[in-house]
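I set down what I looked up, entry by entry.

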Number of protein chains: 2
Amino acid sequence: MTTPPHRGDVPHRPKVAVMEDVAELAGVSAMTVSRVLNAPEKVRPETRARVLAAVQELGYRPNSAARVLVTGRSGVLGVVSFDTTQYGPASTLYAIERAARQNEYSVSIASLDALNRRSIAEGVGRLTSQSVDGVIIVAPHESATDGLRHLPPDLPVVAVDAGDGVPFPVVMVDQHAGAARATRHLLSLGHRTVWHLSGPANWVDASARVAGWRSVLEAEGREVREPLAGDWSARSGHELGRRLASEDDLTAIFVANDQMAMGLLRALREAGLRVPEDVSVVGFDDIPEAAYFWPPLTTVRQDFATVGRLAFQLVLDRIDGVLGERRLKVEPELVVRESAGVRPPG
Amino acid sequence: MTTPPHRGDVPHRPKVAVMEDVAELAGVSAMTVSRVLNAPEKVRPETRARVLAAVQELGYRPNSAARVLVTGRSGVLGVVSFDTTQYGPASTLYAIERAARQNEYSVSIASLDALNRRSIAEGVGRLTSQSVDGVIIVAPHESATDGLRHLPPDLPVVAVDAGDGVPFPVVMVDQHAGAARATRHLLSLGHRTVWHLSGPANWVDASARVAGWRSVLEAEGREVREPLAGDWSARSGHELGRRLASEDDLTAIFVANDQMAMGLLRALREAGLRVPEDVSVVGFDDIPEAAYFWPPLTTVRQDFATVGRLAFQLVLDRIDGVLGERRLKVEPELVVRESAGVRPPG
DNA sequence: TTCCCGAGTGTTTGCGATAACACTTATTCC
DNA sequence: GGAATAAGTGTTATCGCAAACACTCGGGAA
């Protein structure tokens with residue numbers, strides 16, 4: 001007498017209901033249950049009601065793996081991104097998730113440790129092997145652009161803040177325009193020229209902001225001082241600020257993001273310079289804390305929520321086979337607070 | 001003669017390779033391919049090499065849906081969380097994703113619009129219907145605790161920062177100890193008592209910090225002033241700071257997070273109070289910018305990365321059937337900078 | 001009446017992988 | 001030498017669902 005294998009050692013799971021169970025309870029075939037769930041109008045109302053009641057009673061939930069296997073669609077969107085602890089990427093991700101949820105999609109994420117071609121390809125790979133229907137890439141680094149050119153061509157992909165020359169739609173804030181706006185604002189206050197504390201080299205946002213800043217200065221025939229590059233952190237803003245503080249024609253600075261602006265403000269104060277009386281500062285991003293900097297920071301607001309929403313809409317279109325815009329720009333907005341004032345006399 | 005259906009109208013996709021294709025190319029059965037991928041040691045090295053070559057040549061990637069269907073395991077971990085744009089949740093999420101990735105798991109997210117039982121159940125539902133293997137819930141609100149009691153009992157779940165009485169493991173920073181440390185630090189500087197600017201009611205972290213702060217004051221026989229509750233934002237810190245500024249025995253304040261501390265610092269300055277000469281301030285979190293506040297903020301560092309890592313380890317154990325710790329606490333650390341000083345004379 | 005049509009439902013098949021088991025062949029042991 | 005064993009591989013069944021097609025039935029058109 002042998003003991004039956006694999007029985008008894010497991011405490012008899014109350015096995016979850018499958019479609020067949022629902023069908024049986026409702027006295028119909030599994031196919032009818034499927035129809036009730038996917039094309040209710042094809043089922044007579046009273047049958048439908050019986051099925052729905054059975055679904056309810058058994059707490060039935062369709063098995064997505066089985067559905068994916070047969071339909072080829074998963075209802076999952078992949079997002080690959082770099083450093084989601086930062087305000088910008090985090091907000092974008094959040095907006096994407098919201099938009100996805102409203103369209104019955106869920107979101108799978110793949111964070112990147114580094115920004116380079118291998119890393120991006122690998123991130124996309126992790127997602128595609130989870131059968132995502134499409135991918136949004138939030139990787140605003142120029143090295144990424146390269147990686148983006150070598151993706152599976154049939155996969156619906158949309159990038160956020162990517163450089164030129166990627167073979168699919170891109171959604172981005174118009175960094176160039178934002179930087180230009182900030183720079184013009186400072187010039188309009190009477191400053192002779194504007195210094196720039198930029199983001200790290202090879203970040204597309206950083207380059208675009210440099211370009212926007214430079215273009216305004218050049219158009220106005222102002223002197224263009226070499227920008228100092230930080231790494232987006234308050235720490236780097238502080239460090240560069242100390243160097244900057246000793247320049248004698250320093251009256252206006254455009255900083256590539258709010259965190260660096262924060263470090264800069266502190267460095268200036270430590271050097272005995274008052275903001276905005278002696279030096280004017282304009283940031284970029286409008287993080288929620290910007291209004292509580294000392295002094296409250298004049299900055300350029302990026303609407304990450306809109307970016308996320310648009311990016312989702314674009315992948316969704318691609319998934320549905322619609323070929324939409326190739327490059328959407330969201331307008332940034334100058335938020336005037338108190339860190340930028342008129343040029344000091346002298 | 002009828003035309004063959006569904007041929008020619010679709011522009012002949014280069015259909016992706018499936019296991020059978022690999023098998024054919026390598027001259028083996030599909031089962032052998034499967035073994036090469038899942039239990040390579042059971043296949044003779046030369047066969048294995050042939051199969052691997054075929055995999056390479058066809059660019060074969062296993063179809064996860066099919067695998068999930070038959071194995072019942074997806075390799076996907078669900079994370080439900082509230083407001084991932086904030087530093088804490090974002091960092092936790094990031095750490096979870098990292099840990100997951102290192103263990104060949106990927107991560108699906110479900111953001112919550114609100115913190116209540118329905119919302120949490122719905123978020124978990126969205127994830128389970130995607131066949132996740134386990135779920136980590138980052139929802140530090142007391143109303144969540146209720147929702148957490150009504151989840152499918154067989155689903156491996158771990159919570160981050162949940163209150164007592166949830167029926168599964170919880171990982172959290174020891175908020176009580178952190179608050180106590182901050183409070184003791186202020187008392188040790190000679191302050192007679194410490195005010196508290198707390199987080200919103202019903203947030204478990206907020207309550208724990210209040211409790212930690214209160215317990216030290218009571219143990220030392222100091223006066224306990226009613227805490228003022230903010231909403232974690234710099235804005236609320238500023239607003240409450242204005243109210244606080246007029247109190248005449250105000251020399252030390254413990255603030256429940258760094259953003260509120262920032263708003264508070266500004267309000268104090270606006271009221272003509274110097275920090276730390278007139279008033280000492282200690283925050284909580286140690287966000288990356290805290291060192292660049294004016295003055296640099298003394299605060300309590302939460303190690304979100306460790307929290308995320310532990311939470312992942314715990315779900316992983318549960319998925320594997322290991323029943324581990326029920327409540328893990330991560331020690332916070334007081335980071336002394338310049339915003340807290342000795343009690344002013346008088 | 002007969003036929004056709006469409007609405008509503010059921011049956012069969014197949015999605016792509018793995019579990020379980022069956023089958024070879026070589027190896028070991030008595 | 002023969003049985004027992006192990007290593008390597010193949011066969012078959014199955015996971016849960018939906019696509020495709022088949023069937024039934026009643027009502028209108030011819």
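**Entry 1. DNA strand C**

I began with the atoms of DNA strand C within 4 Å of the protein: 61% belong to sugar or phosphate, and the rest belong to bases. I was working with a predicted model, in which local features need pLDDT of at least 70, side-chain atom pairs count only at pLDDT 80 or more, and totals for chains, interfaces and linings use all residues. Residues are numbered from 1 along each chain as its sequence is written, chains are lettered from A and ligands numbered from 1 in the order in which they are written, and side-chain values use heavy atoms, with hydrogens and water left out.

I then asked which residues come nearest to DNA strand C.

I sorted the surface near DNA strand C by class and noted 13 nonpolar, seven polar and three charged residues. In this scheme Ala, Val, Leu, Ile, Met, Phe, Trp, Tyr, Cys and Pro count as nonpolar, Asp, Glu, Lys and Arg as charged, and the others, Gly among them, as polar.

Next I looked up polar contacts (pairs of N or O atoms within 3.5 Å; within protein, one must be able to donate a hydrogen and the other to accept it, and residues adjacent in sequence count only if both atoms are side-chain atoms). On chain A, a backbone N or O atom of R44(A) is placed 2.9 Å from a phosphate oxygen of DNA strand C. The elements giving two or more residues to the surface near DNA strand C are α2 (30–38) and α4 (64–71) of chain A, together with α2 (30–38) and α4 (64–71) of chain B. The most comes from α4(B), with five residues. Helices (H or I, at least four residues) and strands (E, at least two) are DSSP runs, numbered from the N terminus.

**Entry 2. DNA strand D**

I turned to DNA strand D, which has 24 residues around it; M19(A), S34(A), Y60(A), T32(B) and T47(B) come nearest. Of the atoms of DNA strand D that come within 4 Å of the protein, sugar and phosphate account for 64%.

Which part of DNA strand D lies 2.3 Å from a polar side-chain atom of Y60(A)? I found a phosphate oxygen there. Another phosphate oxygen entry concerns S29(B), whose backbone N or O atom lies 2.8 Å from such an atom of DNA strand D. For R35(B), I noted a side-chain N or O atom 2.8 Å from a base nitrogen of DNA strand D.

At least two residues of the surface near DNA strand D come from each of α2 and α4 of chain A and α2 and α4 of chain B. I recorded α4(A) as giving the most, with five residues. The classes on this surface are 13 nonpolar, eight polar and three charged residues.

**Entry 3. The annotated span**

I consulted the UniProt record, an unreviewed entry, whose annotation "domain: HTH lacI-type" covers residues 17–71 of chain A. UniProt positions are given in the numbering used here, feature names are shortened, and annotations may be inferred rather than shown by experiment. This span is 71% helix and 0% strand, and its end C-alpha atoms lie 21 Å apart.

**Entry 4. Cis peptide bonds and positive phi**

I looked for cis peptide bonds and noted one between W294(A) and P295(A), with omega about 0°. P295(A) sits in the loop between β9 (280–282) and β10 (299–301) of chain A. On chain B, a cis peptide bond joins V275(B) and P276(B), with omega about 5°. The loop holding P276(B) runs between α11 (258–270) and β9 (280–282) of chain B.

I also noted positive phi in residues other than glycine: S131(A) has phi near 50°, and D161(B) has phi near 60°. S131(A) belongs to the loop between α6 (117–128) and β3 (134–138) of chain A, and D161(B) to the loop between β4 (157–160) and β5 (170–173) of chain B.

Methods:
A residue is near a molecule or strand if one of its heavy atoms lies within 4 Å of it.
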